[in-house]
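Here is a protein chain to explore together, in questions and answers. Take a moment with the view, then read on.

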Amino acid sequence: MRLLEIQSHWKKSLNALNSAKSLFREGYLEDAISRAYYSVFHAAKAALLVHDIPVTKSHRAVRNYFGQILINSGEIEKEWGRILSLEYDLRTSADYNELFWAESEHADRLIKNAEGFLKRMEE
(Lines give C-alpha, C1' and ligand atoms only; values in the text may rest on other atoms or scores of the structure.)
Protein backbone atom coordinates (compact mmCIF):
# COMPACT_ATOMS: atom_id res chain seq x y z
CA MET A 1 0.00 0.00 0.00
CA ARG A 2 1.20 3.49 -0.79
CA LEU A 3 0.48 5.19 2.51
CA LEU A 4 2.09 8.57 1.74
CA GLU A 5 0.25 8.86 -1.58
CA ILE A 6 -3.03 7.90 0.05
CA GLN A 7 -2.55 10.48 2.81
CA SER A 8 -1.60 13.14 0.27
CA HIS A 9 -4.71 12.57 -1.85
CA TRP A 10 -6.91 12.44 1.24
CA LYS A 11 -5.50 15.76 2.46
CA LYS A 12 -6.05 17.30 -0.99
CA SER A 13 -9.59 15.98 -0.91
CA LEU A 14 -10.33 17.59 2.46
CA ASN A 15 -8.70 20.86 1.41
CA ALA A 16 -10.72 20.97 -1.81
CA LEU A 17 -13.94 20.36 0.11
CA ASN A 18 -13.16 23.17 2.55
CA SER A 19 -12.32 25.45 -0.37
CA ALA A 20 -15.61 24.55 -2.07
CA LYS A 21 -17.54 25.50 1.05
CA SER A 22 -15.71 28.82 1.39
CA LEU A 23 -16.17 29.68 -2.28
CA PHE A 24 -19.86 28.81 -2.04
CA ARG A 25 -20.33 31.12 0.95
CA GLU A 26 -18.63 33.94 -0.97
CA GLY A 27 -20.85 33.38 -4.04
CA TYR A 28 -18.21 31.94 -6.36
CA LEU A 29 -20.45 29.12 -7.49
CA GLU A 30 -18.53 27.87 -10.54
CA ASP A 31 -15.33 27.73 -8.51
CA ALA A 32 -17.16 25.96 -5.67
CA ILE A 33 -18.39 23.34 -8.15
CA SER A 34 -14.85 22.84 -9.44
CA ARG A 35 -13.40 22.40 -5.96
CA ALA A 36 -16.21 20.02 -4.95
CA TYR A 37 -15.28 17.83 -7.91
CA TYR A 38 -11.59 17.86 -7.01
CA SER A 39 -12.52 16.78 -3.51
CA VAL A 40 -14.28 13.73 -4.94
CA PHE A 41 -11.50 13.12 -7.49
CA HIS A 42 -8.76 12.98 -4.86
CA ALA A 43 -10.88 10.83 -2.53
CA ALA A 44 -11.45 8.39 -5.41
CA LYS A 45 -7.71 8.29 -6.09
CA ALA A 46 -7.02 7.59 -2.41
CA ALA A 47 -9.59 4.76 -2.42
CA LEU A 48 -7.96 3.21 -5.47
CA LEU A 49 -4.52 3.48 -3.92
CA VAL A 50 -5.78 1.66 -0.82
CA HIS A 51 -6.35 -1.25 -3.21
CA ASP A 52 -2.85 -0.84 -4.72
CA ILE A 53 -4.29 0.47 -7.97
CA PRO A 54 -1.82 3.02 -9.32
CA VAL A 55 -3.73 5.82 -10.95
CA THR A 56 -2.57 8.36 -13.42
CA LYS A 57 -3.47 12.02 -13.47
CA SER A 58 -6.14 11.20 -16.04
CA HIS A 59 -9.62 12.00 -14.83
CA ARG A 60 -11.05 9.39 -17.19
CA ALA A 61 -8.73 6.68 -15.84
CA VAL A 62 -9.75 7.43 -12.26
CA ARG A 63 -13.45 7.19 -13.16
CA ASN A 64 -12.90 3.99 -15.17
CA TYR A 65 -10.84 2.23 -12.49
CA PHE A 66 -13.24 3.36 -9.79
CA GLY A 67 -16.09 1.72 -11.69
CA GLN A 68 -14.24 -1.38 -12.81
CA ILE A 69 -12.52 -2.17 -9.54
CA LEU A 70 -14.52 -0.72 -6.68
CA ILE A 71 -18.07 -0.69 -8.02
CA ASN A 72 -18.04 -3.84 -10.16
CA SER A 73 -16.59 -5.79 -7.22
CA GLY A 74 -19.53 -4.66 -5.10
CA GLU A 75 -17.26 -2.98 -2.58
CA ILE A 76 -18.65 0.48 -3.35
CA GLU A 77 -22.25 1.23 -4.30
CA LYS A 78 -23.08 2.43 -7.82
CA GLU A 79 -24.42 5.76 -6.55
CA TRP A 80 -20.87 6.87 -5.72
CA GLY A 81 -19.74 6.22 -9.28
CA ARG A 82 -22.66 8.30 -10.53
CA ILE A 83 -21.67 11.11 -8.17
CA LEU A 84 -18.07 10.97 -9.40
CA SER A 85 -19.29 11.24 -13.01
CA LEU A 86 -21.82 13.99 -12.25
CA GLU A 87 -19.26 16.06 -10.38
CA TYR A 88 -16.83 15.66 -13.29
CA ASP A 89 -19.43 16.70 -15.88
CA LEU A 90 -20.51 19.78 -13.95
CA ARG A 91 -16.93 20.76 -13.12
CA THR A 92 -16.11 20.60 -16.83
CA SER A 93 -19.09 22.82 -17.65
CA ALA A 94 -18.29 25.26 -14.83
CA ASP A 95 -14.65 25.54 -15.89
CA TYR A 96 -14.90 25.49 -19.68
CA ASN A 97 -18.40 26.36 -20.86
CA GLU A 98 -18.76 30.12 -21.11
CA LEU A 99 -22.55 29.74 -21.30
CA PHE A 100 -22.78 27.72 -18.09
CA TRP A 101 -24.45 29.61 -15.29
CA ALA A 102 -24.23 27.94 -11.90
CA GLU A 103 -27.18 28.08 -9.57
CA SER A 104 -26.82 28.10 -5.81
CA GLU A 105 -28.89 24.91 -5.44
CA HIS A 106 -26.62 23.01 -7.86
CA ALA A 107 -23.43 24.08 -6.13
CA ASP A 108 -24.90 23.29 -2.72
CA ARG A 109 -25.99 19.82 -3.90
CA LEU A 110 -22.52 19.07 -5.33
CA ILE A 111 -20.85 20.08 -2.08
CA LYS A 112 -23.23 17.83 -0.12
CA ASN A 113 -22.51 15.02 -2.60
CA ALA A 114 -18.79 15.54 -2.04
CA GLU A 115 -19.27 15.40 1.74
CA GLY A 116 -21.14 12.12 1.39
CA PHE A 117 -18.54 10.75 -1.00
CA LEU A 118 -15.71 11.50 1.42
CA LYS A 119 -17.63 9.95 4.28
CA ARG A 120 -18.22 6.79 2.25
CA MET A 121 -14.60 6.56 1.08
CA GLU A 122 -13.41 7.00 4.64
CA GLU A 123 -15.41 3.91 5.63
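Q: In the protein chain, what share of the contacts with a separation of 6 or more comes from residues 24 or more positions apart?
A: A contact here means heavy atoms within 4.5 Å. Counting contacts in the protein chain with a separation of 6 or more, the share from residues 24 or more positions apart is 66%.

Q: What kind of model is this, and what average pLDDT does the protein chain have?
A: This is a predicted model, in which local features need pLDDT of at least 70, side-chain atom pairs count only at pLDDT 80 or more, and totals for chains, interfaces and linings use all residues. Residues are numbered from 1 along each chain as its sequence is written, and side-chain values use heavy atoms, with hydrogens and water left out. pLDDT is the predictor's confidence in each residue, from 0 to 100. In the protein chain 99% of the residues score at least 70, and the average is 94.

Q: Which pattern does the protein chain follow along the sequence?
A: Helices (H or I, at least four residues) and strands (E, at least two) are DSSP runs, numbered from the N terminus. The protein chain has five helices and zero strands. Read along the sequence, the pattern is α-α-α-α-α.

Q: Why does the radius of gyration of the protein chain agree with that of a compact globule?
A: The radius of gyration is taken over C-alpha atoms, and the globule rule is 2.2 Å times the number of residues to the power 0.38. For 123 residues that rule gives a value near 14 Å, so the protein chain agrees with its own radius of gyration of 14 Å.

Q: How far apart are the end C-alpha atoms of H1?
A: The expected span of a helix is 1.5 Å times one less than its number of residues. H1 has 24 residues and should span 34 Å. The end C-alpha atoms agree with this, at a distance of 35 Å.

Q: Which helices do the buried residues of H1 pack against?
A: Buried means under 20% relative accessible area, exposed over 50%, and partly exposed in between (1.4 Å probe, protein chains only). In H1 the buried residues are Ile-6, His-9, Ser-13, Ala-16, Leu-17 and Ala-20. Their packing partners are H2 and H5.

Q: Which residue caps the N-terminal end of H3?
A: Helix H3 covers residues 59-71 and reaches 17 Å from its first C-alpha to its last, close to the 18 Å expected. At its N-terminal end, a side-chain oxygen lies 3.3 Å from the backbone nitrogen of Arg-60. That oxygen belongs to the capping residue, Ser-58.

Q: Is Leu-110 buried or exposed?
A: Leu-110 is found in helix H5 (residues 104-122). Not counting residues up to four places away in sequence, Leu-110 touches Ile-33, Ala-36, Leu-86, Glu-87 and Leu-90. Its relative accessibility is 1%, so Leu-110 counts as buried.

Q: What relative accessible area does Arg-91 have?
A: Arg-91 sits in helix H4. Among the residues that Arg-91 touches are Tyr-37, Tyr-38 and His-59. Arg-91 is buried because its relative accessible area is 5%.

Q: What phi does Asp-52 have?
A: Asp-52 is in the loop between H2 and H3. Most residues other than glycine have a negative phi. Asp-52 is not a glycine, yet its phi is positive, at about 60°.

Methods
Polar contact = N/O pair within 3.5 Å; in protein donor to acceptor, adjacent residues only side chain to side chain.
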